[in-house]
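Student: I would like to learn how to read the aromatic rings and the nonpolar core of a protein model. Could we go through them together, one feature after another?

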Amino acid sequence: ARNKPASLSSTSDDDCHPEAWKAVDGNNEGAFHPWCSTSQTNPNEKEAPWWEVDLKKKYVVNSVDVYNRVDCCMEDLANFNITLLSSTRSVLATQHFAGGVKAETLLFKMKSAVENVRSVRVHFLKPGTLALAEVKVWGHIIKPKSEDQV
């Protein structure tokens with residue numbers, strides 16, 4: 001998902017401008033300050049925040065790695081889903097993470113590869129601040145089948 005278009009439900013007013021693209025820039029440092037390398041929603045958001053990346057093409061996805069913020073607040077990454085979506089926004093697979101996870105990296109490994117994935121979404125199930133250092137999607141592009149002449 002590196003350098004693919006990403007979006008957030010809101011953005012923080014912080015000096016660092018923690019925008020959605022920072023979670024697919026290849027930097028999984030995880031420290032908000034002084035490098036301002038995380039993607040973060042506005043802490044005053046009233047709805048459950050989300051972050052999403054558009055893969056731009058259909059992929060077969062094997063796993064997703066979510067890199068947490070590490071300079072503080074690691075346990076804030078709690079009660080959220082990682083969802084794989086098709087180009088029609090149908091849910092293809094979802095993994096739920098319940099309690100506060102004090103881990104630098106969370107792995108969402110499918111039991112079997114998931115086909116036709118167009119987007120990956122990280123979505124809190126409660127209001128709060130969603131801070132992500134990096135999201136890496138592992139898989140391969142689906143090559144279009146050539147059509148037979150009729």
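Tutor: Let us begin with the rings: ring pairs link F80, F97 and F124 into a cluster, where rings of Phe, Tyr and Trp (its six-membered ring) pair if their centres lie within 6.5 Å, and planes under 30 degrees apart count as stacked, over 60 as edge-to-face and the rest as tilted. This is a predicted model, in which local features need pLDDT of at least 70 and side-chain atom pairs count only at pLDDT 80 or more, whereas totals for chains, interfaces and linings use all residues. Residues are numbered from 1 along each chain as its sequence is written, and side-chain values use heavy atoms, with hydrogens and water left out.

Student: How many aromatic pairs does the structure hold, and what describes such a pair?

Tutor: A pair of aromatic rings is described by the distance of the centres and the angle of the planes. The structure holds two aromatic pairs. F80 and F97 are stacked, at 5.0 Å centre to centre with 15° between the planes, and this pair links distant parts of the chain, since F80 is in strand β4 (residues 80-85) and F97 in strand β5 (residues 91-97), 17 residues apart; strands (E, at least two residues) are DSSP runs, numbered from the N terminus.

Student: Why is the pair of F80 and F124 called tilted?

Tutor: The ring centres of F80 and F124 are 6.4 Å apart and the planes stand at 40°, so this pair is tilted. F80 lies in strand β4 and F124 in strand β6 (residues 105-124), so the pair ties together parts that are 44 residues apart in sequence.

Student: Are F80 and F97 buried or exposed?

Tutor: Buried means under 20% relative accessible area, exposed over 50%, and partly exposed in between (1.4 Å probe, protein chains only). Both F80 and F97 are buried, and F124 is buried as well.

Student: Which residues touch the most other members of the largest nonpolar core?

Tutor: A nonpolar core is a set of buried Ala, Val, Leu, Ile, Met, Phe, Trp, Tyr and Cys residues joined through side-chain atoms within 4.5 Å. The largest one has 31 residues, of which W51, V64, I82, L84, V120 and L132 touch the most other members. Strands β3 (50-68), β4, β5, β6 and β7 (131-141) each supply at least two residues of this core, and β6 gives the most, with eight residues.

Student: What is the mean pLDDT of the protein chain?

Tutor: pLDDT is the predictor's confidence in each residue, from 0 to 100. The mean for the protein chain is 81, and 77% of its residues reach 70 or more.

Conventions. Helix = DSSP H or I, 4+ residues; strand = E, 2+ residues; numbered from the N terminus.
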